[in-house]
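Hi,

Here is the structure I said I would pass on.

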Amino acid sequence: MKPASGDASRFPVFYTVIGGITASFGLELFLHPHDMIAGGVTGISRLMSLYTQEHFGLLLFILNLPLMLLYSLSTHKPMLLRALPGLFAFSGSAIILSPFPAVSGHPVVCALGGGICIGLGAGLAARYGGLLDSLGLNESDDGRPSSLLLTHRKIPLIQIVMLCNGLLLITAGFVLGWEPALYSALSCLAAYETTRLMFTGLNRMVCVVSKDQQTIEEALYRRLRIHSTPVGNPAQIESENRGELAEEKDELVIVYSVHLLDLQRFKAVIQMADPQAEIMYVKRWEV
């Protein structure tokens, strides 16, 4: 995932620090008072802190640091320096907030609230080049899923992260009880979806490849009040069904910004206006 561009990207450290503080609010004021845990190294640190009597914030920093260093050395990327401010803020604010009581006594409210705060914090930090949890290394800098080479086979990191989180939640079920573990799973889901929305937003950039542009534009405006979006030339377009990169001439491609809730109606209008049209999600633009 690429750091954000624009004026805000001039102060990446500020945003990674704010992300770390936001995530710690979700942990210490929502999850931990109800014996819930987050995913990744954050959840492992919490379980270890319950039995070693060491502070969670300290374990969080100690466990994340060598993994981030190992990743930086193996990929030759200066990721550690970008991640340290957010990690310091995450660990330090968790220590400061630990004496405070829970915001709510309802576990469902705390599970959702904690997951949203963690997702907002992790997403904000990641957008500006930071990282709060070393098991959040799901995407490479060029936007493609990262992978590890194990037994001569590349395994996507997202699969490894999901497996680790599944084992962590099962362990939490035996250690903390199955009810907190189920609420923790709900929190992890809320955090994942919130982080995803931080990157994708509620709108999707969609390309329509058609030889009858005028008919499609008129139909979309009449049915959904959607206009085409003026953008640069599409360099890479990922097909929704085939997962392949397609290159089309400029006069055949129309680009639209479509709200997530309008995607199904958008596809239906396109198919009625031109059954031969192709609909593709824009993956990345080169300006």
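One definition before the notes: the expected span of a helix is 1.5 Å times one less than its number of residues. Helix 7, with 23 residues, reaches 33 Å from its first C-alpha to its last, close to the 33 Å expected.

Bear in mind that this is a predicted model. The mean pLDDT of the protein chain is 78, with 76% of its residues at 70 or more. Two stretches need some care. Residues 1-8 have a pLDDT below 50, and the model gives them 16 contacts beyond near neighbours in sequence. Over residues 138-152 the pLDDT also stays under 50, and there the model has 33 contacts beyond four places in sequence. Where pLDDT is low, the predicted coordinates should not be read in detail.

On the overall picture, the protein chain comes to 9 helices and 7 strands. It has 287 residues, of which 39% count as buried. If you take the contacts between residues at least 6 apart in sequence, 76% of them join residues at least 24 apart.

Back to helix 7, which covers residues 178-200. Its buried residues include Pro-180, Ala-181, Ser-184, Ser-187, Ala-190, Ala-191 and Thr-194. An α-helix has 3.6 residues a turn, so residues three or four places apart point the same way. After the helix comes Gly-201, with a positive phi near 70°.

What does helix 7 cross? Its partner is helix 5 (residues 107-127): the two axes come within 7 Å and cross at roughly 35°. The crossing of helix 5 past helix 7 is right-handed. As for the residues of that contact, 16 are nonpolar, 7 polar and 1 charged.

The other spot I looked at is Arg-204, which sits in strand 3 (residues 203-209). Is Arg-204 buried or exposed? Its relative accessible area is 14%, and buried means under 20%, so Arg-204 counts as buried. Setting aside neighbours within four places in sequence, Arg-204 is in contact with Arg-196, Tyr-256, Ser-257, Val-258, Leu-260, Leu-263 and Tyr-281.

Cheers

Key: Residues numbered from 1 in each chain as written. Predicted model: local features only at pLDDT ≥ 70, side-chain atom pairs only at ≥ 80, totals over all residues. Heavy atoms only, no water. Helix = DSSP H or I, 4+ residues; strand = E, 2+ residues; numbered from the N terminus. Buried < 20%, exposed > 50% of the residue type's maximum accessible area, 1.4 Å probe, protein only. Contact = heavy atoms within 4.5 Å. Axes fitted to C-alpha atoms, helices over the stretch in contact; angles between N-to-C directions. Left-handed = near helix turned anticlockwise from the far one by under 90°. Nonpolar A, V, L, I, M, F, W, Y, C, P; charged D, E, K, R; others polar. pLDDT = per-residue confidence, 0-100.
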